[in-house]
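I opened a new entry to look up how this chain is laid out. My list covers the domains, the contact between them, a sheet and the core.

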Amino acid sequence: MRGVVMHAPGDVRVEQRDDPKIVEPTDAVIRMSASCVCGSDLWPYRGTDGLPAPTPMGHEYAGIVEEVGADVRTIRPGQFVIGSFFASDNTCEICRAGYQSACVHRQPVRGAQAQYQRVPLADGTLVATPEVPDADLVPDYLAASDVLGTGWFGATAAQAGPGKTVAVVGDGAVGLLAVLAARQLGAERIIAMSRHEPRQKLALEFGATDIVTERGEEGVARIKELTNGLGAHSVIEAVGTQQSMAQALGSTRPGGHVGYVGVSHDVALDGRALFYSHVHLHGGPAPVRQYLPQLIKLIGDRTIEPGKVFDLEVPLEQAAEGYKAMDERRAIKTLLRV
Ligand SMILES: [Zn+2]
């Protein structure tokens, strides 16, 4: 099969890779309906994360089950399924508490920018749609695999809900979908922080009520101005840098909540500032599996259209251009046609 391999920062190639096979009796192999590039793939692309060897890329997937192992009970060939970037048993104590991305048996799912993908722990990891969806819904379901689920966790961790003012730091796909999540969760006011016009437009479409273009300390000052000097109740941090985390903490009122879902890169917290902030912090790799049944329903009945974050579509063979466009911020998120 064909699949994306990153050889070095900035060096993305589409190569012949081995077809995935059933290895464990609990595995499934799926044929991708579409694939995509994640904002987090830009960390190694930009050289921020080390890349010790050529690495198959991609951790977002939705597609048709081709084959299942002998011990798979609920997932069947022919079903359209969505899973998350960590496979989980969905039965251990941690899973049952809703933290499948920290499952005691978790396994990363990698290499999904390809035609096929092996998914471990298929029964616990994959969720099937009621029927094979119309083609126009595939991007929406693919978004549920990571960026929507991650934005949803960020909004939930930040306790977004009725009566709350929510601020979102980061205007990538996760930040934009955190806006959508906050809207679905009933937030009263949603402030998107973005200085890029197409992203501002999408944030407003997804339910933002205010746009703040300032960032850093000026961004914090602007959020305070908009909230009677208090700060937002709920702040979603969807970048993962020192500046974005400082902006999130500074924008949160005492007693408020920060949901941090940007993959943390060299973020250091000042203990004393944290002590006096009275802010709740919760985040990490999103337990997307927890939200999939709910998200699948919202997408299936066309209540939400998270696939709107895909503003560039290229064939899998042109994945390198998809990465480049996102790196240069010409695209929010690239869909790869397989
Ligand atoms: Zn588990």
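Before noting any distance I needed the meaning of a domain here: the bounds come from an automatic or database domain assignment. I also note that the model is predicted.

**Entry: domains.** I looked up the assignment for the protein chain and found domain 1 (2-146 + 287-337) and domain 2 (148-283). I then took the C-alpha centres of domain 1 and domain 2, which lie 26 Å apart. The contact takes 21 residues from domain 1 and 18 residues from domain 2.

**Entry: the domain 1 side of the contact.** Which elements give two or more residues to the side of domain 1 that touches domain 2? I found α4 (138-144) and α11 (288-300). Of the elements on this side, α11 gives the most, with 4 residues. I sorted the residues of the side of domain 1 that touches domain 2 by type and got 12 nonpolar, 5 polar and 4 charged.

**Entry: the sheet.** I followed the strand pairing next. An open sheet is formed by 6 strands, and I wrote down the order as β13-β12-β11-β14-β15-β16, with parallel pairing. At the edges I found β13 (210-212) and β16 (280-283), each of which pairs on one side only. From one strand to the next, the twist averages 20 degrees.

Strand β15 (residues 252-260) is joined to β16 by 4 bridges, and the two run parallel. Which residue in β16 does V258 stand opposite? I read off L281.

**Entry: a helix on the sheet.** I looked up what helix α9 (residues 242-250) lies across, and the strands are β11 (165-169), β14 (232-237) and β15. Against β15, helix α9 runs at about 145 degrees.

**Entry: the core.** The largest nonpolar core has 106 residues. I asked which of them touch the most other members, and the list is V166, V168, L177, V179 and I191. Helix α6 (residues 173-184) supplies the largest share of this core, 9 residues. I also checked the core against the domains: it draws at least three residues from each of domain 1 (2-146 + 287-337) and domain 2 (148-283).

Entry: I picked V179 and left aside its neighbours within four places in sequence. The contacts of V179 that I noted are V168, I190, A192, A203, F206, G207 and A208. One of these, V168, is also on the list of core residues that touch the most other members.

Methods
Residues numbered from 1 in each chain as written. Predicted model: local features only at pLDDT ≥ 70, side-chain atom pairs only at ≥ 80, totals over all residues. Pairing = 2+ DSSP bridges. Axes fitted to C-alpha atoms, helices over the stretch in contact; angles between N-to-C directions. Contact = placed C-beta atoms within 7 Å. Core = buried A, V, L, I, M, F, W, Y, C linked by C-beta atoms within 7 Å. Buried ≥ 20, exposed ≤ 12 C-beta atoms within 10 Å, placed from the backbone. Nonpolar A, V, L, I, M, F, W, Y, C, P; charged D, E, K, R; others polar.
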